Amino acid sequence: MTAPLLETRGLVARYGSVQVLHGIDIAVPQGEIAVLLGPNGAGKTTLLRAISRTVSTRGAIEFDAQDITGRSAARTARAGVGHVPEGRGTFVDLTVEENLRLGGLARPRVRRASAGQDLQLVYDTFPVLAEMRRRAAGLLSGGQQQMLAIGRALMARPRLLLIDEPSLGLAPLLTRQLFDVLVRVRDGWSTSLLIAEQNARLSLEIADRVIVLTGGRVAAAGPVAGFRDGDVIRHAYLGDAHPAHPEAVGGRDTATRAIGDKK
Ligand SMILES: Nc1ncnc2c1ncn2[C@@H]1O[C@H](COP(=O)(O)OP(=O)(O)OP(=O)(O)O)[C@@H](O)[C@H]1O
Ligand SMILES: [Mg+2]
């Protein structure tokens, strides 16, 4: 089995004296969409921040067979980890195209020359952004801003893209369209994705792999097929300690075993 693109082992994070991640072991294989589910406060945002090195942690993070645990956020981004934080973080006074070009600054030096091509690829992926390229980002709708934030992150040519709650504030139809684009991103940009989501139903439709966090721990993880019946997700959200399908849910041991599965 080839090594996963991303692997964390025993990841622990705290805010001040409060520990919020209690030893997270996850893996994201190359070329997959992994969806990170879990109730409010489970630690999804913190886990994405830990991987992009914007919160400090104990434990190990391997990306592309390199230990990135001690790296700065900037070096981690240059190594190929893109992060679209919750709330999007676009510059509202700059135009769509200026925002996209800023995203290109995080790209590895060797790729700078092809920024123009990648800008075109962003416009091909999100045609609405091409139409609005001269418009101030603050004038875009919520869904368009989400696309802009993702497009901007893609300009750095990430190998792994972390996206925090892309569906937040979007109507179901827009969410579905956005998720369709995320599949195009996986397939057209050679990018793996780790997406934190509250919308379990829709995100399961595009996921290759699912990780469920509750209370800062992995409650279940594995290929999406084992999650589609909904039981695993329901138990995880309800925090049921005695799931009806222990072979599918289980504690850390099951999760770790499932992570090791071949695709
Ligand atoms: N900056 C912070 N300082 C202190 N505590 C924090 C901070 N950010 C998050 N927390 C706490 O850490 C825990 C995990 O929060 P986190 O934002 O990672 O959860 P989440 O799964 O992303 O939740 P949501 O679904 O609401 O986005 C929560 O208990 C939260 O209150
Ligand atoms: Mg969050």
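At what angle do the axes of helix 3 and helix 6 cross, and within what distance do they come? In this predicted model, the axes of helix 3 (residues 96-104) and helix 6 (residues 142-154) cross at roughly 35° and come within 7 Å. The crossing of helix 3 past helix 6 is right-handed. On the helix 3 side, the contact is made by V96, N99, L100, L102 and G103, and helix 6 contributes L148, G151, R152 and A153. Sorted by class, five residues of this contact are nonpolar, three are polar and one is charged.

Turning to the sheets, six strands form an open sheet with mixed pairing, and their order is 6-7-8-3-9-10. Its edges are taken by strand 6 (81-84) and strand 10 (217-223); each has a single partner strand, so one side of each is left without a neighbour in the sheet. From one strand to the next, the twist averages 15°. Strand 9 (residues 209-214) and strand 10 run antiparallel and are joined by six bridges. R209 has P223 of strand 10 as its bridge partner. Helix 7 (residues 172-188), in turn, lies across strand 3 (33-37) and strand 8 (192-197), and runs at about 155° to strand 8.

A further open sheet is formed by four strands in the order 2-1-4-5, with antiparallel pairing. Here strand 2 and strand 5 (66-67) stand at the edges; each has a single partner strand, so one side of each lacks a neighbour in the sheet. Strand 4 (residues 57-63) pairs with strand 5 in the antiparallel sense over two bridges, and Q66 in strand 5 is the bridge partner of F63. Helix 1 packs on the sheet and touches strand 1 (6-15), strand 2 and strand 4, with its direction at about 65° to that of strand 2.

Strand 2 (18-28) and helix 1 (44-51) each supply at least two residues of the shell around ligand 1, and the largest share, three residues, comes from helix 1. The residues around ligand 1 are Y15, V18, V20, G38, N40, G41, A42, G43, K44, T45, T46 and Q198. By class, this shell divides into seven polar residues, four nonpolar and one charged.

Key. Residues are numbered from 1 along each chain as its sequence is written. Chains are lettered from A and ligands numbered from 1 in the order in which they are written. This is a predicted model: local features need pLDDT of at least 70, side-chain atom pairs count only at pLDDT 80 or more; totals for chains, interfaces and linings use all residues. A residue is near a molecule or strand if its C-beta atom, placed from the backbone, lies within 6 Å of it. Ala, Val, Leu, Ile, Met, Phe, Trp, Tyr, Cys and Pro count as nonpolar, Asp, Glu, Lys and Arg as charged, and the others, Gly among them, as polar. Axes are lines fitted to C-alpha atoms, for helices over the stretch in contact, and angles run from 0 to 180 degrees between N-to-C directions. A crossing is left-handed if the near helix is turned anticlockwise from the far one by less than a right angle, and right-handed if clockwise. Two residues are in contact if their C-beta atoms, placed from the backbone, lie within 7 Å. Two strands pair if DSSP finds at least two bridges between them.
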